[in-house]
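Let's take a walk through a protein model together. Keep the sequence and the 3D view open while you read.

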Amino acid sequence: MSRYHLSTEKVVKLNVGGTFYSSTKETLTKVHGSYIGRIFTGEAPCPRDERGSYFIDRDGPIFRHILNYLRSDRLSVPYGFREFDLLKVEADYYGLPALVQEIEVILVSFKRKRRRRPNPNRKKTSQSVNALHRVHERDGDLYISDEDSDWFYD
């Protein structure tokens, strides 16, 4: 048998939720103890479809990111990707704790950014103390403003 035949025997055909992928056994078994790795070391059962591909009844399009993570050892998603919650569920299912952690960091970062996002309809409520110069009384209440603007706060 030639070297070419030996290397092609390592190619694995996958049907993940109706989306077809090809990869190598080496890539799929990269994370020791993962569910995806145990399938291809024979430790976990996995049915085959009518074409002979391994069938995994999970989200097919999201598996693309799981497979790319296994290939490159890092998460790489397109700009504007918004399905991190789903990706985290899938990473957990496949037994990839480092990927789950990476996604959790991203989700926390998104939550922080959402909290910091300025609201153009919100009243200004803080200013450097050094920039405050005027105290105004209006209807018995005191308001402080800076010299350059007409905004007030109590």
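Residues are numbered from 1 along each chain as its sequence is written, and side-chain values use heavy atoms, with hydrogens and water left out.

The protein chain has a mean pLDDT of 81, with 68% of its residues at 70 or more.

| Residues | pLDDT | Contacts beyond four places in sequence |
|---|---|---|
| residues 4-8 | under 50 | one contact |
| residues 127-133 | under 50 | 13 contacts |

Where pLDDT is low, the predicted coordinates should not be read in detail.

**The overall layout**

The protein chain has six helices and five strands. Here helices (H or I, at least four residues) and strands (E, at least two) are DSSP runs, numbered from the N terminus. Reading from that end, the order is α-β-β-α-α-β-α-α-α-β-β. Of the 154 residues, 30% are buried; buried means under 20% relative accessible area, exposed over 50%, and partly exposed in between (1.4 Å probe, protein chains only).

**The core**

A nonpolar core is a set of buried Ala, Val, Leu, Ile, Met, Phe, Trp, Tyr and Cys residues joined through side-chain atoms within 4.5 Å. The largest one has 29 residues, and L14, F63 and I66 have the most contacts inside it. Several elements supply at least two residues each, including β1 (11-16), α3 (35-40) and α6 (97-116). Helix α4 gives the most, with six residues. Leaving out residues up to four places away in sequence, L14 touches F63 as well as others, among them F20, F40 and I56.

H65 lies in helix α4 (residues 60-72). Is H65 buried or exposed? H65 counts as buried because its relative accessibility is 5%. Beyond its neighbours within four places in sequence, H65 is in contact with S76, V77, P78, F81 and L87.

L87 is also one of the buried residues of helix α5 (residues 84-93), together with F84, E90 and A91. Seen down the axis of α5, these fall within an arc of 120 degrees, so they line one face of the helix; the arc is that of the directions from the helix axis to the C-beta atoms. The face turned away from the buried side carries exposed D85 and D92. After α5 comes G95, with a positive phi near 75 degrees.

Definitions and conventions: Predicted model: local features only at pLDDT ≥ 70, side-chain atom pairs only at ≥ 80, totals over all residues. pLDDT = per-residue confidence, 0-100. Contact = heavy atoms within 4.5 Å.
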